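This report goes through a handful of local features in one protein model. Please keep the sequence and the structure open while reading.

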Amino acid sequence: SDLSIDCKAGGRGAWQAFGYLMVGIFPVGVPLMYWVLLFRMRDRLMGEDRINDEKLRGILFLWEPYKKEYWWWEVFETLRRLAMTGLLSTIDPGSFTQISSGLMMASLYTVLLTWARPFAELRDNVIAVLSGVLLMLTFTSAFLIKSQKLVEDNYEALGMGAVLIAATVLII
């Protein structure tokens, strides 16, 4: 809140190093730790009586909603969440590039989710696919709103029709 403080002043190197360390720990460390925990127990996770296996109780939150063959899906889901929030926020904020990247991520995820159907419960698969479609529609709406603003501001809208058609085809 104090704008007179210079972030590049002396004595801030340790905090900067700590910041870089945390950026490495969370987006890399959390999915990696999930993978290690699940990979070590993959044989038990594929077993018939996995719900009653005491050794799997500590990591129940990582595998319980998924089918046996998708014991690893929570790692993929965590990476998707990080990409849709952290990674997407670094891509030229407010630009067509950011919106298009989000639309592509949401579309790819929805297609993979529809193909794999990783959840044990049908309703969970349906809700997940509908959520993916909602994300795609949200990014498409943002794209259209931004396009309309450019046209209203008398900027050149050349080529925007082709981009809109491509986005519509991608959704279909």
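The model is predicted.

**Surface patch**

A nonpolar patch on the surface is formed by Val 28, Leu 32, Met 33, Trp 35, Val 36 and Phe 39. Together these residues have about 540 Å² of accessible area. Phe 39 belongs to helix α1, which covers residues 13-40. Because its relative accessibility is 36%, Phe 39 counts as partly exposed, and residues of a patch must have over 30% relative accessible area.

**Met 41**

Met 41 sits in the loop between α1 and α2, the latter spanning 42-45. Is Met 41 buried or exposed? Its relative accessible area is 16%, so Met 41 is buried; the limit for that class is under 20%. Leaving aside residues up to four places away in sequence, Met 41 touches Lys 55, Leu 56 and Ile 59.

**Glu 77**

Glu 77 is located in helix α4, and this helix runs over residues 73-89. With a relative accessibility of 5%, Glu 77 counts as buried. Which residue does the side chain of Glu 77 meet in a polar contact? The partner is the side chain of Arg 80, at 2.6 Å. Glu 77 also touches Tyr 66 and Tyr 109, when residues up to four places away in sequence are not counted.

Asp 92 lies in the loop that joins α4 to α5 (96-116). Arg 117 lies in the loop between α5 and α6, and α6 covers 122-152. Asp 92 is partly exposed at a relative accessible area of 48%, and Arg 117 is partly exposed at 47%.

**Accessibility values**

The table gathers the relative accessible areas.

| Residue | Relative accessible area and class |
|---|---|
| Phe 39 | Phe 39: 36%, partly exposed |
| Met 41 | Met 41: 16%, buried |
| Glu 77 | Glu 77: 5%, buried |

Technical notes: Residues are numbered from 1 along each chain as its sequence is written. This is a predicted model: local features need pLDDT of at least 70, side-chain atom pairs count only at pLDDT 80 or more; totals for chains, interfaces and linings use all residues. Side-chain values use heavy atoms; hydrogens and water are left out. Patches are made of residues with over 30% relative accessible area and no salt bridge: like charges are joined within 9 Å, nonpolar side chains (Val, Leu, Ile, Met, Phe, Trp, Tyr) within 5 Å. Accessible areas come from the Shrake-Rupley method with a 1.4 Å probe; for residues, only the protein chains shown count as cover. A salt bridge is a side-chain nitrogen of Lys or Arg within 4 Å of a carboxyl oxygen of Asp or Glu. Helices (H or I, at least four residues) and strands (E, at least two) are DSSP runs, numbered from the N terminus. Buried means under 20% relative accessible area, exposed over 50%, partly exposed in between (1.4 Å probe, protein chains only). A polar contact is a pair of N or O atoms within 3.5 Å; within protein, one must be able to donate a hydrogen and the other to accept it, and residues adjacent in sequence count only if both atoms are side-chain atoms. Contact means heavy atoms within 4.5 Å.
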